[in-house]
Amino acid sequence: MDREDAATLRLSGAWVQGAPVNTAALETELGGLAAERVIADGSALAAWDSTLPAFLLRAHGLCREQGISFEATAMPEGVDTLLRLATSVDTHVPVSYTH
């Protein structure tokens with residue numbers, strides 16, 4: 001944690017299909033986090049595919065559930081746009097129809 005009100009999630013290496021991604025550990029860490037916001041730092045990222053924005057979207061959702069603000073910084077070109085588009089609307093809740 002860099003400051004009392006913020007925690008930094010440093011992402012590094014290749015984020016591609018087949019690379020290990022531990023979202024369970026993220027959930028555990030966020031559950032005990034006292035910070036008001038999480039900053040995902042992508043300055044040390046290498047190759048990436050849809051695995052990276054999928055993880056960031058999951059992290060964003062987990063933060064939202066905990067009442068923690070989330071921001072991504074120093075991400076590869078295009079990732080910020082994808083994340084902004086994916087989070088610009090509320091989560092869709094399917095309507096259940098009964099007959």
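This is a predicted model: local features need pLDDT of at least 70, side-chain atom pairs count only at pLDDT 80 or more; totals for chains, interfaces and linings use all residues.
**Close-up views of helix packing and the sheet**

**View A. Helices α1 and α2 make a right-handed crossing.** The axes of α1 (residues 23-31) and α2 (residues 51-66) come within 10 Å and cross at roughly 25°. Angles under 35 degrees count as roughly parallel, and α1 and α2 are therefore roughly parallel to each other.

**View B. Residues of α1 and α2 meet in a contact.** From α1 come Thr23, Leu26, Glu27, Leu30 and Gly31, while α2 supplies Phe55, Arg58, Ala59, Leu62, Cys63 and Gln66. Sorted by class, six of these residues are nonpolar, three are polar and two are charged.

**View C. Strands β1 and β2 pair in the parallel sense.** Eight bridges link β1 (residues 6-15) with β2 (residues 37-48). To find your bearings, look for Thr8, whose bridge partner in β2 is Ile39.

**View D. Three strands form an open sheet in the order β1-β2-β3.** The pairing is parallel. Both β1 and β3 (69-73) stand at the edges with a single partner strand each, so one side of each has no neighbour in the sheet. From one strand to the next, the twist averages 20°.

**View E. Strand β3 joins β2, and α2 packs on the sheet.** Here β2 and β3 run parallel, joined by five bridges. A handy pair to pick out is Val38 and its bridge partner in β3, Phe70. Helix α2 touches β1, β2 and β3, and its direction makes about 160° with that of β1.

Conventions. Residues are numbered from 1 along each chain as its sequence is written. Side-chain values use heavy atoms; hydrogens and water are left out. Axes are lines fitted to C-alpha atoms, for helices over the stretch in contact, and angles run from 0 to 180 degrees between N-to-C directions. Helices (H or I, at least four residues) and strands (E, at least two) are DSSP runs, numbered from the N terminus. Angles under 35 degrees count as roughly parallel, over 145 as roughly antiparallel, 65 to 115 as roughly perpendicular and the rest as oblique. A crossing is left-handed if the near helix is turned anticlockwise from the far one by less than a right angle, and right-handed if clockwise. Contact means heavy atoms within 4.5 Å. Ala, Val, Leu, Ile, Met, Phe, Trp, Tyr, Cys and Pro count as nonpolar, Asp, Glu, Lys and Arg as charged, and the others, Gly among them, as polar. Two strands pair if DSSP finds at least two bridges between them.
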